[in-house]
Amino acid sequence: MVATQGFAVYETPIGHCGIAWNEHAVIGSQLPEGGEERTRARIARRFPDAVEQEPPEHVRRAVDAVRALLRGEDSPELAHVPLDLSRVPPFHARVYEVALAIPVGRTMTYGEIAAQLGDPGSARAVGQALGSNPFAPIVPCHRILAAGGKKGGFSAHGGTRTKLEILAIEGVHVEEPTLFDL
């Protein structure tokens, strides 16, 4: 396995995200943790061998694509960011590959992903794989909903509020807005 080379923290419209890489691929991505220093600390804990530095070209393209996504722009290049899936279980990798194919502004349910994987009884396992997604938001786990189109859970900082915020940026509204949202 190739050693971790670096990580960076970068600003987006929803806060500071983090990314870690080796010379070939992204090994992790981090949604905001409630502040630049918190995000930096979290990504440094996740990748203790990484050194904070300027990202190489393949990572800069990923950063630019995440920024575009979080500005509400379609960012199809995210599906082509090289990811090091060697650190995740094979089932998780299959779930992430399905999630990567979900276009901006669309959603799927845990059950639909399970059925697409040929294992319709594995919706809960799909949820567990997405709950430990090391590549958010590159692997768009925010686009996966519970049965009936309900919001389901979200393990990133801010929980489902963050999930709904990113979906709203993409033009997806899971819950009817209240008078306070208008």
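This is a predicted model: local features need pLDDT of at least 70, side-chain atom pairs count only at pLDDT 80 or more; totals for chains, interfaces and linings use all residues.
How exposed is Arg42, going by its relative accessibility? At 30% relative accessibility, Arg42 counts as partly exposed.

**View 1**
Strand 1, residues 6-12, runs parallel to strand 4 and is joined to strand 4 by two bridges. To find this pairing, look for Gly6, whose bridge partner in strand 4 is Val51.

**View 1. The hairpin of strand 1 and strand 2.**
Here strand 1 and strand 2 form a hairpin, with two residues between them. The two strands run antiparallel, and seven bridges join them. A handy place to start is Thr12, which has Gly15 of strand 2 as its bridge partner. Is strand 2 mostly covered or mostly uncovered? Five of the seven residues of strand 2 are buried, leaving this strand mostly covered.

**View 2. From strand 2 into strand 3.**
Four residues carry the chain from strand 2 to strand 3, making a hairpin. Look for Trp21, which stands opposite Val26 in strand 3. How many of the residues of strand 3 are buried? Five of the five are, so strand 3 is largely enclosed by the rest of the structure.

**View 3. The largest nonpolar core.**
Which residues touch the most other members of this core? They are Ile19 and Ile138, in a core of 44 residues. Strand 1, strand 2, helix 2 (57-70), helix 3 (90-100), helix 4 (110-116) and helix 5 (123-131) are the elements that give two or more residues to this core. Helix 2 gives the most, with seven residues.

Which residues of helix 5 are buried? They are Val126, Ala129 and Leu130. Seen down the axis of helix 5, these buried residues fall within an arc of 95°, so they line one face of the helix. Turn to the other side of helix 5 to find Arg124 and Gln128, which are exposed. The cover over the buried residues of helix 5 includes helix 3, helix 4 and strand 6 (144-145).

**View 4. A salt bridge between Glu33 and Arg42.**
The structure holds nine salt bridges, and this view shows the one that Glu33 forms with Arg42. The closest N and O atoms of this pair are 2.9 Å apart. Glu33 has 13% relative accessibility and so counts as buried, given that buried means under 20%. Arg42, the residue from the opening question, counts as partly exposed at 30%.

**View 5. Asp84 and Arg87.**
Another salt bridge joins Asp84 to Arg87, with the closest N and O atoms 3.7 Å apart. Asp84 is buried, its relative accessible area being 12%, while Arg87 counts as partly exposed at 35% relative accessibility.

**View 6. Glu36, Arg40 and their network.**
Salt bridges that share partners join Glu36, Glu37, Arg40 and Glu52 into one network. Within helix 1 (residues 36-46), Glu36 and Arg40 lie four residues apart, about one turn of the helix. The salt bridge between Glu36 and Arg40 has its closest N and O atoms 3.3 Å apart. Glu36 is partly exposed, with a relative accessible area of 34%, whereas Arg40 is buried, with 18%.

Technical notes
Residues are numbered from 1 along each chain as its sequence is written. Side-chain values use heavy atoms; hydrogens and water are left out. Two strands pair if DSSP finds at least two bridges between them. Buried means under 20% relative accessible area, exposed over 50%, partly exposed in between (1.4 Å probe, protein chains only). A nonpolar core is a set of buried Ala, Val, Leu, Ile, Met, Phe, Trp, Tyr and Cys residues joined through side-chain atoms within 4.5 Å. The arc is that of the directions from the helix axis to the C-beta atoms. Contact means heavy atoms within 4.5 Å. A salt bridge is a side-chain nitrogen of Lys or Arg within 4 Å of a carboxyl oxygen of Asp or Glu.
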